[in-house]
Amino acid sequence: LVLVVDFGAQYAQLIARRVREARVYSEIVPHHVPVAEMLARNPKAIILSGGPSSVYAEGAPAIDRSIFTADVPVFGMCYGFQLMAEGLGGEVAATGAREYGRTPVTVSAGGALLADVPEQHTVWMSHGDSVVAAPSGFDVLASTAGTPVAAFESVDRRMAGVQWHPEVLHSEHGQLVLEHFLHDIAGCRQTWTMLNIVEEQVETIRAQVGEGRAICALSGGVDSAVAAAIVQRAIGDRLTCVYVDHGMMRQGETEQVRHDFEEVFDVLDVVDAADQFLDALAGVRDPEEKRKIIGREFIRTFENAEARVFGDAQSGTTAYLVQGTLYPDVVESGGGAGASTIKSHHNVGGLPDDLNFELVEPLRALFKDEVRAVGEQLGLPSTMVWRQPFPGPGLGIRIIGEVTRDRLDILRQADAIAREELTRAGLDRDIWQMPVVLLADVRSVGVQGDGRTYGHPVVLRPVTSEDAMTADWARLPYDLMERISTRITNEVAEVNRVTVDITSKPPGTIEWE
Ligand code: XMP
């Protein structure tokens with residue numbers, strides 16, 4: 001276990017992911033956790049992340065100096081590097097030489113940390129203060145135009161640091177530097193493999209569920225699929241999977257899910273609830289109200305399914321519910337690492353708190369990319385593993401205006417064309433997702449053949465993202481946009497205009513509602 005101490009900037013999660021890419025398990029701890037508590041977890045190394053402040057700013061997050069005398073390897077990055085310099089007796093000063101963004105760095109001595117790193121390379125910086133003197137006993141390894149001490153190490157004390165952010169992709173050789181610290185300086189063993197993760201989880205779930213039964217709501221997405229696959233390995237056909245078709249799925253989706261999932265899961269309960277959902281949505285235009293109704297109807301459907309599955313056989317015993325909660329959800333809700341607090345993260349629209357379930361969360365420790373890797377390890381079909389995210393409320397929040405069967409049909413056709421062309425262009429994995437939004441309450445004038453048309457616009461919303469928290473609009477090739485536009489306006493009679501959304505997130509969200 002490597003602990004990544006979070007000083008409040010956005011970097012801790014990224015660092016934790018990079019550590020795991022080096023096949024070493026890592027978790028995030030807030031900086032205010034007492035050092036003794038961190039050490040009690042017996043970490044093989046501690047990483048101090050970047051942070052927003054100057055070490056001398058009032059109220060700047062600090063860390064108790066005992067961390068440097070505990071005989072645990074420590075690596076500091078950016079703000080963490082300055083904390084280390086200060087805490088170990090070096091010197092940090094506001095030199096006035098601020099460096100932001102891409103910065104050339106000169107390696108003067110490779111040492112263990114910067115071995116095999118070119119003498120001149122470019123890294124990502126973001127700092128005002130600089131380390132002007134390394135702590136005694138530490139070797140200075142690199143400098144920049146504005147920073148005399150940009151990296152240092154003491155192999156004897158198993159400590160090192162860099163002024164830059166090795167975790168971001170703009171820093172050349174960043175992963176190599178991190179791996180030098182983890183493998184060569186701290187001596188961490190490379191045991192974090194997908195096979196180990198699966199085996200460990202299977203054991204944990206067997207211990208938790210015993211001879212009980214569990215139920216899992218599959219959405220078609222990768223998280224619930226992988227969670228279910230792990231639980232199935234643990235308890236076999238005592239797991240029942242339920243898939244709710246609420247009538248707002250994309251073209252061919254329910255058939256695809258049924259086909260893919262029936263191959264993998266022994267018992268798949270497909271509930272056709274389209275009438276129930278669409279009747280409940282009649283006349284509703286407000287986005288929040290739509291979401292609430294969809295959530296409520298989902299709960300009803302799920303309760304019925306649960307009653308069918310568990311029947312009376314389970315009265316008095318614990319019923320288990322499988323959830324695809326991921327590590328970022330746990331971190332963001334302040335949940336302690338490994339703590340089995342029952343949190344209500346629901347990726348299917350919200351389950352009520354009074355449902356009497358104990359949660360089984362096999363993905364609690366995992367990042368999304370690890371979930372995909374586990375899915376491949378388990379042999380799940382790649383259509384499942386690499387499926388782009390699709391929101392629980394489905395096309396219902398991509399129709400601006402009332403959701404009706406006719407409008408769903410229009411959007412389904414347009415969406416199918418857009419997805420087909422994106423796939424054909426080989427861009428499925430580069431594009432995070434590409435919602436197609438139907439502006440159902442808007443009409444615009446067009447001309448087609450010899451006649452005037454008065455149809456609806458659709459909006460393409462292609463985005464790139466790493467985690468959906470932030471996103472950028474994707475620069476799709478013009479010829480691809482042209483093909484999509486031509487096909488949609490030719491093949492979908494009610495749509496006479498195709499537009500592209502070029503807003504990043506923030507300020508725009510990915511979905512329109
Ligand atoms: P936004 O629109 O908030 O979306 O930028 C971020 C990501 O979350 C997905 N999304 C949802 N997923 N239930 C879900 O399971 C929902 O209610 C929901 N709303 C948005 C969205 O598709 C994107 O991937």
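Colleague: What makes you say that helix 3 (residues 79–87) lies across strands, and which strands are they?

Modeller: Helix 3 lies across strand 3 (45–48), strand 4 (74–77) and strand 11 (159–162). The model is a predicted one, in which local features need pLDDT of at least 70 and side-chain atom pairs count only at pLDDT 80 or more, while totals for chains, interfaces and linings use all residues. Residues are numbered from 1 along each chain as its sequence is written.

Colleague: Why is the arrangement of strands 2-1-3-4-11-10-9-6-7 called an open sheet with mixed pairing?

Modeller: The order holds 9 strands, and pairing requires that DSSP find at least two bridges between two strands. The sheet is open, with strand 2 (26–30) and strand 7 (120–127) as edge strands that pair on one side only. From one strand to the next, the twist averages 25 degrees. Strand 6 (residues 99–107) and strand 9 (residues 139–143) supply an antiparallel pair with 2 bridges, in which Val-107 faces Ala-142 of strand 9.

Colleague: What makes strand 14 (268–272) and strand 16 (357–360) edge strands?

Modeller: They belong to an open sheet of 5 strands, ordered 14-13-12-15-16 and paired in parallel. Each of the two has a single partner strand, so one side of each lacks a neighbour in the sheet. Neighbouring strands here are turned by 30 degrees against each other on average, direction ignored. Strand 13 (residues 239–245) and strand 14 run parallel and share 5 bridges, and Asp-245 stands opposite Asp-272 in strand 14. Helix 7 (residues 253–264) lies across strand 12 (214–218), strand 13 and strand 14, at about 170 degrees to strand 13.

Colleague: How do you know which strands pair with strand 19 (residues 451–460), and in what sense?

Modeller: Strand 17 (residues 436–438) is antiparallel to strand 19 and joined to it by 3 bridges. Strand 18 (residues 444–448) is antiparallel to strand 19 with 5 bridges, whereas strand 22 (residues 495–500) runs parallel to strand 19, also through 5 bridges. In the hairpin of strand 18 and strand 19, with 2 residues between the strands, Gly-449 takes a positive phi near 60 degrees.

Colleague: How do you know which residues surround the ligand, and what classes are they?

Modeller: The shell has 11 residues, counted as near where the C-beta atom, placed from the backbone, lies within 6 Å. Pro-391, Gly-392, Thr-509, Ile-510 and Glu-511 are the closest. By class, the shell has 5 nonpolar, 4 polar and 2 charged residues (nonpolar: Ala, Val, Leu, Ile, Met, Phe, Trp, Tyr, Cys and Pro; charged: Asp, Glu, Lys and Arg; polar: the others, Gly among them).

Colleague: What is the confidence of the model, and which stretch has a pLDDT below 50?

Modeller: The average pLDDT (the predictor's confidence in each residue, from 0 to 100) is 91, and 94% of the residues score at least 70. The stretch below 50 is residues 335–350, which has 27 contacts in the model beyond near neighbours in sequence. The scores are ipTM 0.99 and pTM 0.81.

Note on methods. Contact = placed C-beta atoms within 7 Å. Helix = DSSP H or I, 4+ residues; strand = E, 2+ residues; numbered from the N terminus. Axes fitted to C-alpha atoms, helices over the stretch in contact; angles between N-to-C directions.
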